Amino acid sequence: MRYLFRRFQRLVVVMVSVTFLTFLLVNVLPGDVAYEMAGMDSSEEEVQAIRDELGLDRNVVLRYLDWAGGILTGDWGASFINKEEVWHALAQRFPVSLELMLLAQLIALSLAVPMGLISAYRPGGRADRVIGTLAFASVSMPSFMTAILLIFFFSLHLGWLPATGYEPLSAGLWENLRPMILPALALGLVEWTVLMRTLRAEMIGVLQENYIALARAKGMSDARILLVHALRPSSFSMITLLGLQVGRLMGGSIIIEQIFGIPGIGRLLVHAVNTRDFIMIQGCVTLFAIAFVTANFLVDIAYAWLDPRVRLERARG
Amino acid sequence: MSEPLLTVENQRTAFATGRGLVRAVDGVSFTLERGRTLGVVGESGSGKSVLSRSIMRLLPPNARSSGEVRLGGRDLTAMSEKALRALRGPEISIVFQDPMTSLNPVMTIGAQIGEVLTRHLGMSRKAAKARSVELLASVGLPQPDVRVDQHPHQLSGGMRQRVAIAIAIACEPALLIADEPTTALDVTVQAEILDLLARQQAERNMAMILITHDMGVVAGRCDDVAVMYAGRIVEQASTEDLFRDTRMPYTSALLASIPRLDDPPHRKLEAIAGRPPDLIHPPAGCAFSPRCRYADDLCRSQPPALEDAGRGHRFACWRPMTMEAAE
């Protein structure tokens, strides 16, 4: 219980600081939503009238508190531009971004774990060097570069997968997955290397442990030693990273959603920033903050599953 | 004719390091009969543990090994890794020094014993678990049916070493190597663990190699004792002969360094002067000569060979002690 309470405290602190800083940032950006609402050829007076109506000239802290009060009572507000309810817009787009990020992490993990195992098995061996080089090349390439290369090769050249678009799950699983593969790959191909290097480093240490020597002395095969004896105690740092990467992944998905035309939170956010639609920006950022804290909460739960000693500490509170 | 269970013939194990070749085991030969116990005694760095890993063929990649290790007539040095894996557990097994680190922290006790049974004896998971509980009971672990589902951190050091012994004896091996099994344990637990090993050995007719730096552990628990120094056996005899008729000054110095109950209080403990030799550039003659009070020019220039002086009492020394000299 105390543990959950501490977690909740952290959520509140993260949310307040992130949303307030965003509020300030949008405030200092040149231009505001009034220009956008008034239209291209409106006079300064018309713009000012909208400003007065929205109370945009009030103190930024007061306006923030206004907004925060709305969130606390469940009112996320509505877009100034198209009057769409923020809550509604988020609910529609969040599953799309979530799917993209989950797929990307899945791809990153399914590359990182086997590659990390193989690398750690014989550090400095041929396989390790090949994988190390691949990882280096992969991490040196920004995700939008990877994305363009992927589109060029798989969409334009081979014509296997669509370059843009999105299909809801109701259109069928494969129809839904098909346009998601390339964007998820573009994100995952950047993320897997860090996971792999972390797993490799930790596993090289674990393989020196006495209990691994004992597993050898028990006549266990190398595959069983790597998978059953060494993988779990080697994956703590990697799991931590998995949570922290959610932040990077959200940043990356903003670009990737633009390139592949995916209607997720990233595109919603970019559009909101361009039109200075601060209510919508605040909504997106709040959701990102919740997602980030939740992901790291899940990581903590994963620790307990990985290491029975953590379970014991937690039970003690 | 019957071949001894274990024959080690001129085993040499060296490690390639940045500073040069470390000769950890430098020409060791001995035999061990079924059901017998050999104590291997020596200081830290004398090559005891590397010898045990050389016998198990569990050496790191930078190790260079030569010589012959025959177990039940088969030459382990000529076997494939796969064939060796099938032997580790059912034929030969080991108990490590530190029970705090030799069990996997994220696996249950039952899983760690059970996998040996499923792997080597083809037991089902369920049968393996039931057998694990029996094994835990036989090594004197209280509440074995509860402990089997627990993780190592829930057990004390002594209990963990009992678990390690249960793992080692799970497949009834012909040879058990105990590599300083009590060094990391409280003194009160040491005797219990040693008695447990002795009892298991007698019940299962295992041969055992008991590696230790403690002469006191060897006395009364081993049939024979081999004393190692700088990667070689310098003296080997039946335990009784070794204690009564010590020939090698190093053995004598080891014996003298054990405090005795009948010593007068505040008597200074005997220590062996100097340090163990550099295994990259060992001394030209007898490796112990720089620290030996009897050493002369011959000792310092030529290494003595390990020779049998009758009744299986072997020693490598140019200036062996006699009973009178020892007193």
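A salt bridge is taken here as a side-chain nitrogen of Lys or Arg within 4 Å of a carboxyl oxygen of Asp or Glu. In this predicted model, A:Arg224 and B:Glu115 form such a pair, with 2.9 Å between their closest N and O atoms. Because the cut-off is 4 Å, the 2.9 Å separation of A:Arg224 and B:Glu115 qualifies as a salt bridge. Between chain B and chain A the count of salt bridges is two. Helix H3 of chain B, residues 109–121, is the element that gives the most to the side of chain B touching chain A, contributing five residues. By residue class, that side of chain B consists of 10 nonpolar, eight polar and five charged residues.

The interface between the chains involves 23 residues of chain B and 22 residues of chain A. About 2,000 Å² is buried between chain B and chain A, and carbon and sulfur atoms account for 63% of this area. Of the area that chain B buries against chain A, 28% comes from B:Val106, B:Glu115 and B:His153, more than from any other three residues. Polar contacts between chain B and chain A amount to 10 residue pairs, with both residues at pLDDT 80 or more.

Domain 1 of chain A places 21 residues in the contact, and domain 2 of chain A places 17. The area buried between these domains is about 1,800 Å², with 75% of it on carbon and sulfur atoms. On the domain 1 side, A:Tyr3, A:Val26 and A:Trp67 lose the most area to domain 2, together supplying 26% of what that side buries.

The count of salt bridges between domain 1 and domain 2 of chain A is zero. Two residue pairs across this interface are in polar contact, both residues of each pair being at pLDDT 80 or more. Helix H1 (2–28), helix H2 (33–38) and helix H4 (60–72) of chain A each supply at least two residues of the domain 1 side that touches domain 2. Helix H1 of chain A gives the most to this side, with 11 residues. The residues of the domain 1 side divide into 14 nonpolar, three polar and four charged.

Methods: Residues are numbered from 1 along each chain as its sequence is written. Chains are lettered from A and ligands numbered from 1 in the order in which they are written. This is a predicted model: local features need pLDDT of at least 70, side-chain atom pairs count only at pLDDT 80 or more; totals for chains, interfaces and linings use all residues. Side-chain values use heavy atoms; hydrogens and water are left out. Contact means heavy atoms within 4.5 Å. Buried area is the accessible area (1.4 Å probe) that two parts lose on being put together, summed over both. A polar contact is a pair of N or O atoms within 3.5 Å; within protein, one must be able to donate a hydrogen and the other to accept it, and residues adjacent in sequence count only if both atoms are side-chain atoms. Helices (H or I, at least four residues) and strands (E, at least two) are DSSP runs, numbered from the N terminus. Ala, Val, Leu, Ile, Met, Phe, Trp, Tyr, Cys and Pro count as nonpolar, Asp, Glu, Lys and Arg as charged, and the others, Gly among them, as polar.
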